[in-house]
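Please examine the sequence and the model shown here.

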Amino acid sequence: MEFEPGRHDCATLAADWVWRATGRDPIVEHRGKWSSMAQGLRRAERHGGLAAIAGKIARRAGLVPTDDPVTGDIGVIALVGGGHGLAIRVDRWWAGVHGVMGLSYHDAGAVAAVHAWRVPDAR
């Protein structure tokens, strides 16, 4: 799938994964509320930034912070070239939808997780 703000982006990918793994949609009240990068970024800033939103999503879904993310966990990663994105840990990679590239993989050894949360029963 191609990048589509509000439908297939880093936030919806991570939230869809959490929903599938836990049965709880952590962004139910936000779905359909943005359709461009600018709207998504403004929405994130109104709620304290991407890390704050990710933390709220994680708490709402009952996820626990972790300093040692493994396959199936979600995290806020520092993107090469600047900025941050939500991603899912897949083996030694972080998978996310970051910009027009669509789904992309980032080597976990080269890309730092700023925050990460354990997704129970996702492995």
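Is Ala78 buried, partly exposed or exposed? Ala78 is partly exposed, because its relative accessible area is 28%; buried means under 20%, exposed over 50%, and partly exposed in between, with a 1.4 Å probe and protein chains only. The model is a predicted one, in which local features need pLDDT of at least 70 and side-chain atom pairs count only at pLDDT 80 or more, whereas totals for chains, interfaces and linings use all residues. Residues are numbered from 1 along each chain as its sequence is written, and side-chain values use heavy atoms, with hydrogens and water left out.

Ala78 belongs to strand S2; strands (E, at least two residues) and helices (H or I, at least four) are DSSP runs numbered from the N terminus. Leaving aside residues up to four places away in sequence, Ala78 touches Gly83, His84, Val111, Ala112 and Val114, where contact means heavy atoms within 4.5 Å. Ala110 lies 32 residues from Ala78 in sequence, and their C-alpha atoms are 9.7 Å apart.

Strand S2 is part of an open sheet of six strands, ordered S1-S6-S2-S3-S4-S5 with antiparallel pairing. At its edges are strand S1 (64–65) and strand S5 (103–107), each of which pairs on one side only; two strands pair if DSSP finds at least two bridges between them. Strands of a sheet pair through backbone hydrogen bonds, either parallel or antiparallel. Two bridges join S1 to strand S6 (residues 113–118) in the antiparallel sense, and Pro65 has Trp117 in S6 as its bridge partner.

Helix H3 (residues 50–60) packs on the sheet and touches S2, S3 and S6, its direction making about 10° with that of S6. Such angles run from 0 to 180 degrees between N-to-C directions, and the axes are lines fitted to C-alpha atoms, for helices over the stretch in contact. Within H3, the residues Ile53, Ala54, Gly55, Ile57 and Ala58 are buried. The buried residues of H3 pack against helix H2 (37–46) as well as S2, S3 and S6. Just after H3, Gly62 adopts a positive phi of about 80°. Helix H1 (residues 10–22) lies across S2 (74–78), S3, S4 (93–97) and S5, at about 35° to S3.

Strand S3 (residues 84–90) includes Val90. Val90 counts as partly exposed because its relative accessibility is 36%. Together with Leu103 and Tyr105, Val90 forms a nonpolar surface patch of about 270 Å² accessible area. Accessible areas come from the Shrake-Rupley method with a 1.4 Å probe, and for residues only the protein chains shown count as cover. Patches are made of residues with over 30% relative accessible area and no salt bridge, like charges being joined within 9 Å and nonpolar side chains (Val, Leu, Ile, Met, Phe, Trp, Tyr) within 5 Å; a salt bridge is a side-chain nitrogen of Lys or Arg within 4 Å of a carboxyl oxygen of Asp or Glu.
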